[in-house]
Amino acid sequence: MFVDSHCHLDRLKQSPESLVETLNFARTRGVEHFLCVCVSVNDYDSMLETVKDFNDVSVSCGVHPLHQDEACSYDELLEKASRHEVVAIGETGLDYFYSPESKDVQLQSFIDHIKVANETKKPLIIHTRDAREDTINLLKAHKAPHTKGVLHCFTESLEMAEAAMELDFYISISGIVTFNSAQELREVVKAIPLERLLIETDSPWLAPVPHRGKQNQPGYVVEVAEFIAELKGITVAELARITTENFYTLFSLAARKAN
């Protein structure tokens, strides 16, 4: 069975009825759990409303680094992130590729999220692009020893992955690994230990081959798993088992496993 460790179900361009069909399609392919990731605290309540009736969907709470125009106060973030249904903090992080001009605001927001994760004892979901040094340095400076997390949709260097793993982080791989342009990433994935690996779609974006050009959806995490399993030289079943166990371990969700 598979888990889509990072998707944005509230951002899919479809009706509520179609969302049910989308999740059912994923379930028929063996996807047993979905983590719906928040990109703006202002949208958290509406996101929760979209997915609250699905027992196999968990949620996070946070502000994406590219959504700093929707930033919230530390107290508001802490209040919502402390709610019982929230299993993770984020996505947060740094993106100097698309928005270098908001660097100072991103840095403070990231620090706030790290501190909220420390206080709530919930893992961090981190988006990082062209900000390797600052991402790792801020984690080293502000992360409590007990705080864990994941670098999601990872496209950075093996050195950064190793630095994150030393800080008790997992590395999550999306459909980007299937792209023709992703040879360097494929070499990184080969080197990442299985016990530190997660898989995701980041849907509705980044549909894997052979679905490029389509709206991505959680069911396509199977293609991600198949591709990584071939890279690793293991069966898809083994890749699915290990990444699923990793997911439940990181997000402390063993009790919520779908039947």
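Predicted model: local features only at pLDDT ≥ 70, side-chain atom pairs only at ≥ 80, totals over all residues.
User: Is His 8 called buried or exposed, and why?
Analyst: Buried means under 20% relative accessible area, exposed means over 50%, and partly exposed lies in between (1.4 Å probe, protein chains only). His 8 has a relative accessible area of 1%, so His 8 is buried.

User: What does His 8 touch?
Analyst: A contact means heavy atoms within 4.5 Å. Leaving aside neighbours within four places in sequence, the contacts of His 8 include Cys 36, Glu 91, Asp 202 and Trp 205. A polar atom of the His 8 side chain also lies 2.8 Å from the backbone oxygen of Val 37.

User: Which annotation covers His 8?
Analyst: The unreviewed UniProt entry carries a "binding site" annotation that covers His 6, His 8, Glu 91 and Asp 202. These residues are spread over 197 residues of sequence, yet they cluster in space, with a largest C-alpha distance of 11.3 Å. UniProt positions follow the numbering used here, feature names are shortened, and an annotation may be inferred rather than shown by experiment.

User: What makes Asp 202 count as buried?
Analyst: Its relative accessibility is 8%, so Asp 202 falls in the buried class. Asp 202 lies in the loop between β8 (197–199) and α8 (221–232). Not counting residues up to four places away in sequence, it touches His 6, Cys 7, His 8, His 152 and Cys 153.

User: Which other residues does a "binding site" annotation cover?
Analyst: The unreviewed UniProt entry also has one that covers His 127 and His 152. They are spread over 26 residues of sequence but cluster in space, the largest C-alpha distance being 5.9 Å.

User: Are His 127 and His 152 buried or exposed, and why?
Analyst: His 127 has 15% relative accessibility, so it counts as buried. His 152 has 4% and therefore also counts as buried. His 127 lies in strand β5 (residues 124–129), while His 152 is in the loop between β6 and α6.

User: What makes the pairing of His 152 and Glu 91 a polar contact?
Analyst: A polar contact is a pair of N or O atoms within 3.5 Å; within protein, one atom must be able to donate a hydrogen and the other to accept it, and residues adjacent in sequence count only if both atoms are side-chain atoms. The side chains of His 152 and Glu 91 are joined at 2.9 Å, so the pair qualifies. The side chains of His 127 and His 64 are joined by a polar contact of 3.4 Å.

User: Why is the pairing of Arg 11 with Asp 43 called a salt bridge?
Analyst: A salt bridge is a side-chain nitrogen of Lys or Arg within 4 Å of a carboxyl oxygen of Asp or Glu. The closest N and O atoms of Arg 11 and Asp 43 are 2.8 Å apart, so the pair is a salt bridge. Arg 11 is in the loop between β1 and α1 and Asp 43 in the loop between β2 (31–36) and α2 (44–51), so the pair ties together parts 32 residues apart in sequence. By this rule the count comes to 15 salt bridges.

User: How far apart are Lys 148 and Asp 168 in their salt bridge?
Analyst: The side chains of Lys 148 and Asp 168 meet at 3.9 Å, N to O.

User: How exposed is Lys 148, and what is it called?
Analyst: At 36% relative accessibility, Lys 148 counts as partly exposed.

Notes:
Residues numbered from 1 in each chain as written. Heavy atoms only, no water. Helix = DSSP H or I, 4+ residues; strand = E, 2+ residues; numbered from the N terminus.
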